[in-house]
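Okay, thanks for coming, everyone. Let me put the structure up, and then we'll walk through it together.

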Amino acid sequence: YTSGNTYAKMPVYVIPAVVLQTGGENLNVYSRLGVAVNVAGKAIIEEKIAIKETVQEVSFRTGVGFQGALGVSVPAGKRLSIYLEANGISMNQDVKRIELTKYTISGVDQLPSMSTSEKVIEYDNSVTATLTSDPDQPSKNNSFSMPFSNIGITAGVVFKL
């Protein structure tokens with residue numbers, strides 16, 4: 001059998017944005033548009049194929065994309081509002097490094113018998129794809145992009161000072 005899972009681990013974005021709002025007293029509709037800059041985080045790729053299990057950690061270069069939201073806020077008191085919004089980020093990330101962090105066959109760890117060049121690939125646009133001749137150095141390959149977009153719904157409370 002085959003199974004797999006890919007997910008982001010602790011992405012951190014800096015998102016300077018412009019907010020346009022109606023400013024209504026009983027109902028405030030707003031939109032937010034901005035640039036999203038990914039400054040931290042990685043992707044985890046887990047795969048299980050029959051008796052073989054692998055986990056890879058993918059690190060990215062700092063990437064830039066776009067962020068937007070459309071929402072509504074309703075006052076719930078003098079200094080309190082409740083809001084609901086639909087939001088999303090559109091971004092592609094350039095891969096910097098992929099490291100194999102788990103590799104088992106029938107539950108037996110295979111990583112100790114592997115060289116660094118077999119476990120780690122570093123990506124750059126200025127290199128030719130090669131397996132390094134030094135087993136203690138990462139392999140090198142041409143960079144590529146992965147989609148890193150998302151959509152979501154957020155609800156929360158705003159406290160006004």
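So, how many nonpolar, polar and charged residues does the lining of the largest pocket have, by class? The lining has six nonpolar, five polar and four charged residues. For the classes, Ala, Val, Leu, Ile, Met, Phe, Trp, Tyr, Cys and Pro are nonpolar, Asp, Glu, Lys and Arg are charged, and the others, Gly among them, are polar.

Quick caveats before I go on. This is a predicted model, where local features need pLDDT of at least 70, side-chain atom pairs count only at pLDDT 80 or more, and totals for chains, interfaces and linings use all residues. Residues are numbered from 1 along each chain as its sequence is written, and side-chain values use heavy atoms, with hydrogens and water left out.

Back to the pocket. On a 1 Å grid over the protein atoms alone, a pocket is an open set of points where a 1.4 Å probe fits, with protein on both sides within 12 Å along at least five of seven lines, and lining residues have an atom within 4 Å of a point. The largest pocket comes out at a volume of about 220 Å³, volume being the space filled by probe spheres set on the points, with points joined across faces, edges and corners. Of its 15 lining residues, Gln21, Asn28, Tyr30, Ser73 and Val158 lie nearest the centre. Strands here are DSSP runs of E, at least two residues, numbered from the N terminus. At least two lining residues each come from β2 (17-21), β3 (28-49), β5 (63-75) and β6 (80-90).

Val158 sits in β12 (residues 150-159), and at 34% relative accessibility it is partly exposed. The cut-offs are under 20% for buried, over 50% for exposed and partly exposed in between, with a 1.4 Å probe and protein chains only. Beyond its neighbours within four places in sequence, Val158 is in contact (heavy atoms within 4.5 Å) with Arg79, Leu80, Ser81 and Tyr83. Arg79 is 79 residues away in sequence, yet the C-alphas are 8.1 Å apart.

Over in β5 we have Gln67. Gln67 is buried, at 8% relative accessible area, and its contacts, leaving out residues up to four places away, include Arg32, Leu33, Asn87 and Ile89.

Now the strand pairing, which takes at least two DSSP bridges. β3 and β4 are antiparallel, with eight bridges, and Lys42 stands opposite Ser59 in β4. Next along, β4 and β7 are antiparallel too, joined by nine bridges, with Val58 opposite Ile98 in β7.

What phi does Ala50 take in the hairpin of β3 and β4? With two residues between the strands, Ala50 takes a positive phi near 55°. Ala50 is partly exposed, at 41%. Ser106, in the loop between β7 (92-105) and β8 (108-109), also has a positive phi, about 55°, without being a glycine. Ser106 is exposed, at 53%.

Tyr123 is in β9 (residues 120-123) and Phe144 in the loop between β10 (139-141) and β11 (145-147), 21 residues apart. Tyr123 is buried, at 8%, whereas Phe144 is partly exposed, at 35%.

Methods: Helices (H or I, at least four residues) and strands (E, at least two) are DSSP runs, numbered from the N terminus.
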